Amino acid sequence: MNPADRDRKKAWKEQERQKAQAAFPLPNELLKSLFTFVEAQVDKEECDHTHRFTDKWVSENKQQRTPIFEWLEENGGFCDCEVVANAQDHWEQNR
């Protein structure tokens, strides 16, 4: 790949990362807290293929449910184990 193409690719990747960050439903500190909590609960009690642990974190932290769940599902988080496997991975790659 020539240097000009490499620079365009790098700029495009950065633009995509910024778009992903702008779509985050919460600040990074809260997303980290959410993912840490859900992962610990899934490890301890296993996933029942619902959002019960995610729901618990949202309620306990008094956050708006709709934007969080829409974002999680847009990023593959259709249940608690997928929140950890998919949405957390998307966040980690783009934060």
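**Helices and charges in a predicted model**

Asp5 is partly exposed, with a relative accessible area of 31%; this class lies between buried (under 20% relative accessible area) and exposed (over 50%), using a 1.4 Å probe and protein chains only. The model is a predicted one, in which local features need pLDDT of at least 70 and side-chain atom pairs count only at pLDDT 80 or more, while totals for chains, interfaces and linings use all residues. Residues are numbered from 1 along each chain as its sequence is written, and side-chain values use heavy atoms, with hydrogens and water left out.

The protein has five helices and zero strands; helices (H or I, at least four residues) and strands (E, at least two) are DSSP runs, numbered from the N terminus. Its C-alpha atoms fill a box of roughly 50 × 25 × 20 Å along the principal axes. Of the 95 residues, 33% count as buried.

Salt bridges come next. The term stands for a side-chain nitrogen of Lys or Arg within 4 Å of a carboxyl oxygen of Asp or Glu, and by this rule there are seven. One of them joins the side chains of Asp5 and Arg8, at 2.1 Å from N to O. The two residues are three apart in helix α1, so about one helical turn separates them. Arg8 is exposed, with a relative accessible area of 54%.

Helix α1 (residues 3–23) also holds Lys13, which is partly exposed at 47% relative accessible area. Glu16 and Lys19 lie in helix α1 too, three residues apart, about one turn of the helix. Their side chains meet in a salt bridge of 3.0 Å, N to O. Glu16 is partly exposed, at 30% relative accessibility.

Another salt bridge pairs Arg65 with Asp55, with 2.8 Å between the closest N and O atoms. This pair links distant parts of the chain: Arg65 is in helix α4 (residues 65–74) and Asp55 in helix α3 (residues 52–60), 10 residues apart. Arg65 is partly exposed at 42%, and so is Asp55 at 27%. Elsewhere, salt bridges that share partners join Glu45, Asp48 and Arg52 into one network.

Some charged residues form a patch instead. Glu39, Asp43, Asp89 and Glu92 make up a negative surface patch; patches consist of residues with over 30% relative accessible area and no salt bridge, like charges being joined within 9 Å and nonpolar side chains (Val, Leu, Ile, Met, Phe, Trp, Tyr) within 5 Å. Helices α2 (28–45) and α5 (80–94) are the elements giving two or more residues to the negative patch. Asp43, found in helix α2, is exposed, with a relative accessible area of 62%.

Methods: Areas by Shrake-Rupley, 256 points an atom, 1.4 Å probe, with all protein chains shown as cover. Lys, Arg positive; Asp, Glu negative; His and termini not counted. Charge placed at Lys NZ, Arg CZ, Asp CG, Glu CD.
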